[in-house]
Amino acid sequence: MTFPIRKFDAVIVGGGGAGLRAALQLSQAGLNTAVLSKVFPTRSHTVAAQGGISASLGNVQEDRWDWHMYDTVKGSDWLGDQDAIEFMCRRAPEAVIELEHMGMPFDRVESGKIYQRPFGGHTAEHGKRAVERACAVADRTGHAMLHTLYQQNVRANTQFFVEWTALDLIRDEDGDVVGVTVMEMESGDVYIFHAKAVLFATGGAGRIYASSTNAFMNTGDGLGICARAGIPLEDMEFWQFHPTGVAGAGVLITEGVRGEGGILLNADGERFMERYAPTVKDLASRDVVSRAMAMEIYEGRGCGPKKDHVLLKIDHIGAEKIKSKLPGIREISIQFAGIDPIKDPIPVVPTTHYMMGGIPTNYLGEVVVPEGDNPEVVVKGLYAAGECACASVHGANRLGTNSLLDLVVFGKSAGDSMIAFINEQSDWKKLPENAGEFTKQRLDRLNNQTGGENVDALRNELQRTVQLHAGVFRTDKILKEGVDKVLALYERAKVTEIQDKSQVWNTARIEALELDNLMEVAKATMISAEARKESRGAHASDDHPERDDENWMKHTLFYSADNRLAYKPVHTKPLTVDYIEPAKRVY
């Protein structure tokens, strides 16, 4: 064995909403549970979620879980798995009420029930009218959720390893996962965490793009680790561009702003969404709004000296409502745009926001991969939940506020699955003789390499390349050029050099390890996108403008070792209700 070994029943990589919800299940079940987090848990990226968590509580007007399911299937552009979508939407009210009982301080309507606001793509009666479904804590819903779950985990005696990062999976000769190699970031010390079950809840990888609402820590660590371990990545061509990032900064302006009555305007002062989505206008699905904004800018109706953004107007909803329901948005606007939205509109532009693809899982949180004729064989001992996982409830385009719902529903589901799996085992499975050797080779390469590429420069070049070649609009030529460029960068990243080779708190070493993960995600994104010859959800191709259900209603699987693509069918059979038939996606 190469590194010191510590044993746990369960190891959870990631201290955001999904990781904390799973950890709570495990710790409350009396299991020895370790949570690794690159940052203090309450600084995980869940804290940045603003608008709300969706659940058909019907506190403002009538709502039903099957309406929520329809909206989610439609939002996914029929690429979502309808069994997983039913599972999530049915459990949404229970999940929100659990959070309320844990102490999450939801806003209230006059009756005392949880406040709900409209959101993009949320409708009643299968698309007939907008409905209030987003349960909110002003515009700081993720912040409130994260603090609530962290406090519950402290109470349940969950063990936290703060400012630790995972490096690689450890699989035995049967392919079962028996642990992970991890690094304490301050000291540079590496350990093997031997576990009966491992959960990845590492969040998104938006930092493969130059402009992103994602935090700098969102480097796709769980995805990179899985890719190196031979596990395919699913549907990585689908990246959601949030319509409203602050122009020039990329900081998120929640969809809840439009839910509270905000409207988008072009340089002519026109409310242009009426032309693109005449029924729900500014509350159309995110990919629809993002492409509409991009089209307005492309056709010369953008605002500002460079005509490179549009405006989000909210002053008409009143200062009192802005201060009570959108205080954080006002603060962000003042700090990052120099605009007080009580007086002036906010300059906004579509910005990379959310990864629909990820580690392939079922709705139980188990990681599943093809084997022979079976498209979904469970990888024993490995689980994933949250944005790093692909269940797939979001399909080709996530519905707003389903991200926070995804975290708690599938975090809990994965936790329950892990408890059952761990309780079946009498002891830990044996570590392989070469456990940790792969990690040692990676670290030795970094420590001994001289004359290699600069990590920071290479990462910046990668981000610019992906931004240019896998953006809101795509063409065959642009995608093919992007594939060639990313593959060349991937080869160059094999000889990166870190300047300071001391072991203590070496930021350069951490960034080099993160770059390995970013490269895996970027490669999966470009190759998967170049292969898909249709437009579906967030993947919009000018050369293939229509959705092609006959040939492309299938999930992409990318294998890193040989850059190979495979495909598996979409789950078209819900758990208990009738299949929602594909239809033209209009709002």
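Searching the whole structure turns up 15 aromatic pairs (Phe, Tyr and six-membered Trp rings with centres within 6.5 Å; planes under 30 degrees apart are stacked, over 60 edge-to-face, the rest tilted). This is a predicted model, with local features needing pLDDT of at least 70 and side-chain atom pairs pLDDT 80 or more, while totals for chains, interfaces and linings use all residues. Numbering runs from 1 along each chain as its sequence is written, and side-chain values use heavy atoms, leaving out hydrogens and water.

**View A. Phe8 meets Phe193.** The ring centres of Phe8 and Phe193 are 4.9 Å apart with planes at 50 degrees, so this pair is tilted. Phe8 comes from strand S1 (residues 5–13) and Phe193 from strand S9 (residues 190–200), 185 residues apart (strands are DSSP E runs of at least two residues, helices H or I runs of at least four, numbered from the N terminus). Both are buried (under 20% relative accessible area; exposed is over 50%, partly exposed in between, with a 1.4 Å probe and protein chains only).

**View B. Phe40 packs against Tyr150.** Here the centres sit 5.3 Å apart and the planes at 65 degrees, so the pair is edge-to-face. Phe40 is in the loop between strands S2 (33–37) and S3 (53–54), and Tyr150 is in helix H4 (residues 141–155), so parts 110 residues apart in sequence get tied together. Phe40 is partly exposed at 36%; Tyr150 is buried at 18%.

**View C. Charges over rings.** Lys196 puts its charged end over Trp428, 4.5 Å from the ring centre, and Arg207 lies over the face of Phe216 at 4.2 Å (Lys NZ or Arg CZ within 6 Å of the centre and within 35 degrees of the ring normal).
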